[in-house]
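Please look through the structure shown here with the short report that follows it, which takes up a few selected features in turn.

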Amino acid sequence: MGPIVETRNVCKTYGMNGIAVEAVRGIDLMVNSGEFVAIVGPSGSGKSSLLNLLGAMDSPSSGEVLFDGRSLTELNDWQRTTLRLKHIGFVFQTFNLLPTLTASENIEIALRLASVGRRESAARAGELLRLVGLSPRALHKPRYLSGGERQRVAIARSLANRPQLLLADEPTGNLDSQTGTSILELLRDLCTRNGQTVILVTHDFRAASYADRVLLLRDGRIHGETSLHAGQDSSQVLGQLLSFELQWGGDRSD
Amino acid sequence: MFDIAMKNLSTRKVRTALCIFAVTAGVFLIGVTLVMNNWMYSMMTEELAKYMGKLYVQQGGSSYPPFDSSLSQMVADAILNRGDLDLNIGNSTDLIFVRTQRGMMPFMPAQQMVIGVPAGKEPALFGTISASRGVNHFEPNEQGNVAILGSEFAKDLTISIGGETSINGQMVQVVGRLEKSSMDSINISAIIPLEAAQRIFSKQGQVSSILLTPNDFHNTSAIAASLREDYPSLSVVTQDDMLKEAEAVMQMPIFYMSSMGITGLIVAMLIIMSTMFMAISERTREFGTLRAIGAQRYVIIGTVMIEALIMALIGVPPAIGLVAIMSRMMETSLPTTAQLLQIISAAVFAAGIGGAYPALRAARVEPLEALRYE
């Protein structure tokens, strides 16, 4: 079985006020099914831009993005939207739940968009809320949920249509460390138990330590890659990551 | 789409209420237009029904009522005495019409007038309308300053029978007050002897028109043709002519009323559009999220359009209720089924146009752009 998602010398350049900004510069990347990959880099390194390309939310300026062997550059807007609906799940830093819908309805909407019937959608939403531990909060609207609870609902929504790939863009960015840890543990669990392929974008090495593989991104390029082994304790993992970052020219003082 | 639309409507109550109010107001104005048009048309046809089989001869180019018409009394007498026309002499007479109070708008009928009719010829003018007080006819050969008042003319006057009122600066004794009738022209009139009218309004030797009643109403057209041939400078007006003229006169008020209705509809549409634009702007991130998780553009368009349509349809029943109340107050018929369908179509049209552009704008936003929107 080939990789779920792959990039070949992909570049993305933004034109802002007549100045070209190269957010992504010639990245070759491959993520296999069932992997948990973290893309780490400081702000402005291009990690969100790369994630948007992987998730068919944006088109590359050059190079290719392949999803399950199929080039995304050949797809029109309708096809890319359908791909996101059926095969890719998104988790955003700002949760992005619909404020007028309850937790359950926020999950159901993803299913209804995929033409799943009302009853089946409700049942699947219930199942996913149980998975993320939020069954008692099914009828609450987002404003009555904590940050962590909202992110759990967002994760449940992203899993609604059983996507092949889950993309998480700084999912713990707006959460306190304890809540953030629980979210990362949930993502890790999804990968380990359910074989979900996850790509996590973060600036936080602690978050990255939950992944199987970490890619270091700087100035739009991958500067290094390291694999984390199951069974390592957290201090070993962090130590490995920090030395990895220093090896590639990092200047982290914390 | 429907679920999201309903949730948004129920959550954003003020915005929803504002749009519904706008639609109600706009649709009400259209309904008012239709009711007013119905009322004017029924009033006109009811009034003109009284003139079936009658002819009015008046100065060429003048309209009915012939306020601006002036004929020589000698010509009038000559026509009235023509034996070849086979006229019902008792119901044929010369008349003077003078407008004493104009309508509120230039195109609206007079609010008050004075009609001069020879004593003994009152039945020719107003048939068998009885008097609510006093008498409904003048003394034989009466030429003095006496008046019989129509019900509307007398309404605001506190004069008893035998009392006096002023007409064109001259005092006139009230001898009778008529019952309200279906003849609006009589209801708004003060009827005085022809000679008195000629004196008071300085129209000696003149009349405004001649009312002719044939013995056989089938002869109306033939009589009209004969008179037109013999008196080419005069205007011979039959009931058909009156109907055509009335329809022509009504074009302007119908146009004004329709303009009012259309303006109301445009205002409703603009309110919906601007409110929806505000809503779209507030919900940019929401639409971006929907697009990001896989909603096609038509889902966004459909959601916004459904909201606009629901608000419009909610606004229709209260508008129709208000129109029905207005119909009752004006004692005119309720809008017909076809007219109700017109009203509903107008509301749907307003919603469609008002919601379409904001919907298209919402659908055009790229998910990335929308998610970055603060």
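Is the crossing of α9(B) and α12(B) left-handed or right-handed?

## Two helices in chain B

This is a predicted model, and in it the crossing of α9(B) and α12(B) is right-handed. Helix α9 of chain B covers residues 239–282 and helix α12 of chain B covers residues 337–364, and the two pack at an angle of about 30° with their axes 8 Å apart. Because angles under 35 degrees count as roughly parallel, α9(B) is described as roughly parallel to α12(B).

The residues of α9(B) that take part in this packing include B:Leu265, B:Met269, B:Ile272 and B:Phe277, while those of α12(B) include B:Ala346, B:Ile353, B:Tyr357 and B:Arg361. Sorted by class, the contact between the helices has 15 nonpolar, 2 polar and 1 charged residues.

## Where chain A touches chain B

The contact between the chains takes 17 residues from chain A and 16 residues from chain B. On the side of chain A, α2 (77–87) and α3 (103–113) each supply at least two residues, and α2(A) gives the most, with 5 residues. By class, that side of chain A has 9 nonpolar, 5 polar and 3 charged residues.

## A buried threonine in chain A

A:Thr197 lies in strand β8 of chain A, which runs over residues 197–202. A:Thr197 counts as buried because it has 22 C-beta neighbours inside 10 Å, where 20 or more are needed.

Beyond its neighbours within four places in sequence, A:Thr197 is in contact with several residues, among them A:Ile4, A:Val31, A:Gly34 and A:Leu165. A:Gly34 is 163 residues away from A:Thr197 along the chain, yet their C-alpha atoms are separated by 4.3 Å.

Note on methods:
Residues are numbered from 1 along each chain as its sequence is written. Chains are lettered from A and ligands numbered from 1 in the order in which they are written. This is a predicted model: local features need pLDDT of at least 70, side-chain atom pairs count only at pLDDT 80 or more; totals for chains, interfaces and linings use all residues. Two residues are in contact if their C-beta atoms, placed from the backbone, lie within 7 Å. Helices (H or I, at least four residues) and strands (E, at least two) are DSSP runs, numbered from the N terminus. Ala, Val, Leu, Ile, Met, Phe, Trp, Tyr, Cys and Pro count as nonpolar, Asp, Glu, Lys and Arg as charged, and the others, Gly among them, as polar. A residue is buried if 20 or more other C-beta atoms lie within 10 Å of its own, exposed if 12 or fewer, and partly exposed in between; C-beta atoms are placed from the backbone. Axes are lines fitted to C-alpha atoms, for helices over the stretch in contact, and angles run from 0 to 180 degrees between N-to-C directions. Angles under 35 degrees count as roughly parallel, over 145 as roughly antiparallel, 65 to 115 as roughly perpendicular and the rest as oblique. A crossing is left-handed if the near helix is turned anticlockwise from the far one by less than a right angle, and right-handed if clockwise.
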